[in-house]
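User: I have a model open and would like to go through some of its contacts. Could we begin?

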Amino acid sequence: MTAIRLFHVAVLAIPAIARAQTGSVAGTVVTEAQRALSGVQVTVEGVAGKGAVTDGSGRFAISGLSGPSVVLSVRYIGYRPVTDTVRVGKMDVRIVLSERALELSSIVVTGTAGGAEKKELGTSVATINVADVIAQSPVPSLEGLLNGRAPGVDIIGTTGQVGAGAQIRVRGVGSFSLSGTPLVYIDGVRTNNGQTGIVSRFNDIAPEEISSIEVLKGPAAATLYGTEAARGVINIITKRGEQGATKYTFTAQNGTQWFQNAAGRMRTNYWLNPKNDSLWSINFVTSEAAHGTPLFQHGPLSTYTGSASGGAGIYRGFVSGEWNEANGIVSSNSRIAKNVRTNISIVPSSKVSIETSAGYLTSKTSTVGEGGSAGAIWGQFAEPQRTLAACPILFNPVPRGCGWSRGSLVSPPEVYSQTQNWQNVTRFTGSANLKYDPFPWMSNRFLIGTDYTLEDINTYLPFQTDSINMFFLGSRFDGSRAETTQQTTYNTYDYAGSVHFDVRSNVQSKSTVGVQYYTNTQTALAASGTHFPSPGLSTISATGTKASPTSSLLGNNTLGAYGQQEFAINDRLFVTGAVRVDNNSAFGSEAHFTTYPKVSASWVASDEPMVKNHMPRFVDELRFRGAYGGSGQQPLTNTALRTLAPVAGPNGATTLTNSTIGNLNLKPERVLGAEGGFEAGLFNDRIGIDLTLFSDVSHDAILASPVAPSTAFGASTQYINAGQINKKGYELGLKGQILNHRNFGWDMRLNIAGTSAKIIRLGAGSDTLINVTGGNTVVGTVGDVYQRVGYSPFDLYTYRVVSATYNPATKKAINAMCDNGKGGVVACFAPGTSTIQAPLVYVGHSIPTTTGSWTNTFRYGRFNLYAMVDFQRGFKKTDTNYEQVCQVFGDCLENIYPERYSPVAVATAQDGGVLQDYFIRDASFAKLREVALSFDTPLKIARVVGAKGLAVTISGRNLATRTRYTGLDPENSISAGGGMSGNIGSDQTEYPQFTSFVVGLRFTY
């Protein structure tokens, strides 16, 4: 009987055993940002040979499992390993990997033939994993990707207009006259990093196309990039195809942006009615809304992208497309852009690989007037006395047109919008990269690429038929048209070869040589005309008066070569020496090749047995690094050349006259710098610390020096190598996993960087103030930004009023006394005159000295909440809106009720524009830059639309600002283009950064 029962039990158990033997588990591996990870190793602990690698959608499946459950071990470079016990038969396993606080084995782009592990480098390289960033928050631009995510990289705002670009500075400013914008490479090709008007070429690059960004900071890190690299290097690596089945991704984002609290931030201006002393006021946002013509609108935002990635055999490919439309807060500000990218990789053998990269863009950006050009933002200057109600009080009889502006200083907003400004851009960036490794110990890389940009820049004012518009436009009522077409082409030719071998069993050698040749050609053709004969015409040929067309051609070439030698000892101590030699066509004919040296060392101390045995248990990894090196900054094109200019001569003949004096000995600015620091991973690699200290010296800084009249050449300035700037600072990055559980977690990051600079020499080392456009400053000159020995570049100077006396009878401030710059005081004006006699004195920095960000990521199940606060401190700027309202138009309360304010404030407000200290304000700020809530839906929901994955994101940008600044936005500055100018310290009627709200969907197939 017992035997029979055992037989029945065995028979019944066979199906169960069979099912267990063929059991499976399947699921998805994602990052904390809910981004699927491909190439992740998933193995079953205790079962040899059982495992899988995730595909392009992060999916994996393992079959042939036995037992009720298994333990999965999940590993991926750059992320902390995870083990998870899952039930056999579960097909929707979801494993979240957390980024390691310190990853020394990650590969970064350097000057060698291939990549280099981070632990080999003696310099700081900031890396941004763009795929993770945009999975958390839909960042709209390259500048947004860089902001707050790379310590030492400062995004200095100018205007919030759609399509406008900020100024990007790496480790502050180290040049007087030259551009501070870092070099930009896309897949190894040097590209256009310029700015036309307010429109930046950084906006041409779609974030969805980018895989990662690496920023080389400082001359030691950028030595192998040579001349121009002293201002930093940004390497953009676009996405490439991944081996396996094709993965398709589609995103749709829609939202809106607006001027947050416009009425509260736009100035309210005042006027005292002369008939009854009643106080009138106007806020143009409020008054235009009441009139039924709102000053600002909500601008819709839309972005649609699609991409495919995959590979089989020797081929891998990635293709993507994006359509983006953004509308500003006024109807005439918008941007439409279309991007297409195709990247192909071919690996025919273990010795040869070929990679091609091609990106194409077309865009149209419409901009509006601001700053010195009248536009809707000029509502800052609205005046109650220019309204219709004030006309009978001020005039008898009332003149025609009085009050038609509804209080606007120049004309009503509908007149501003008649002038159309737009830029059409066509851009192609492409490269071919051949890697050839003939032997295991030799690598070669050959790269050729081009970046071509065609810009069509237009201004058009149509013939007007509306009587109101005609009244304000006056003689310009019949319109005008101007057009400039300019082409910029960068070509890159690059070779690098590397040989590596074992000197001894524990000593490896890697020798690298490289040669680069860069060419840059810029052409421009401009034409314009005025006075259309009738409405409906728009071409220049249709105008009655045509200006003579102009054209220009600029060319610049750089030839450079370098050699680098690295020794690795026990795979934990890395010593590197390198030298780069450059020549550039912008150098003077007497200035030949320039040499830039480099030495660096990196020591992974935690891998050293003697150190590891004595390290505290909470220290997991520890690396020390240091470097010394140089790089340069080339002169402006043609500044070394002595040139002549054609002019009209006698009897209609053309003759030549002196133009630029040139400088045969002009050479590049040469920056030498040292940096050192350490990185540490603590508490089971949950806390990461990255600290860098640096010190740079800029020799041969280029200045625009006045030319003595005795030269009889006629030019007013000559560029010379005459200055020196010393710069030092720190960069600190902290990141940690505060909580890390299976279903919830909390990550935090803090980036902070500080820079201080001092001018050591100007010309012959004099202590003379030099303005930013060249020439010495004389007493009585009004301005903001100057250079002075002992101070930082582009500091702010003004006449500082320290005391005054208020006369209640005249309601005037008298006896204004100013800082004499020596600890005492002097009368601001010469007795009995309006001539200033006080000296200009230092009042602050115009460029932030401390910048950083604080980010938090909270994860709960499939929900992910991300928030970033970024900040800039230690700088001031002139609130020119406030200054103009008070000093020029007399419409601030300091003018209306002077008895309520300090005599110093009244003395400044009543001044005609010379005294400005009262309006130079601390512009430090902290901004809630990004907030995003995302939800990674369960697979069963994604399958409703046939997808493998579906994520929903709700995000907002520029949600709140904390500042004591009195202007519209502490990030506002009159745009200074790619270079630096005195405008960086001034804020005058620029559009603020807009607040936006976006809802996005991401489908994965």
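User: Are R35 and D132 buried or exposed?

Analyst: R35 is buried, and D132 is buried as well; buried means under 20% relative accessible area, exposed over 50%, and partly exposed in between, with a 1.4 Å probe and protein chains only. Please note that this is a predicted model, in which local features need pLDDT of at least 70, side-chain atom pairs count only at pLDDT 80 or more, and totals for chains, interfaces and linings use all residues. Residues are numbered from 1 along each chain as its sequence is written, and side-chain values use heavy atoms, with hydrogens and water left out.

User: What does R35 form with D132?

Analyst: A salt bridge, with the closest N and O atoms 2.6 Å apart. The term requires a side-chain nitrogen of Lys or Arg within 4 Å of a carboxyl oxygen of Asp or Glu.

User: And how many salt bridges does the structure hold?

Analyst: There are 48.

User: Which residue forms a salt bridge with E209?

Analyst: R341 does, at 3.2 Å between the closest N and O atoms. R341 and E209 are both buried. R341 also meets D187 in a salt bridge, at 3.8 Å from N to O.

User: Switching to the sheet: in what order do the 5 strands come?

Analyst: The open sheet runs β10-β17-β18-β13-β14, with mixed pairing. Strands (E, at least two residues) are DSSP runs numbered from the N terminus, and two strands pair if DSSP finds at least two bridges between them.

User: In which sense do β13 and β18 pair?

Analyst: They pair in the parallel sense, over 4 bridges. Y185 has N235 in β18 as its bridge partner.
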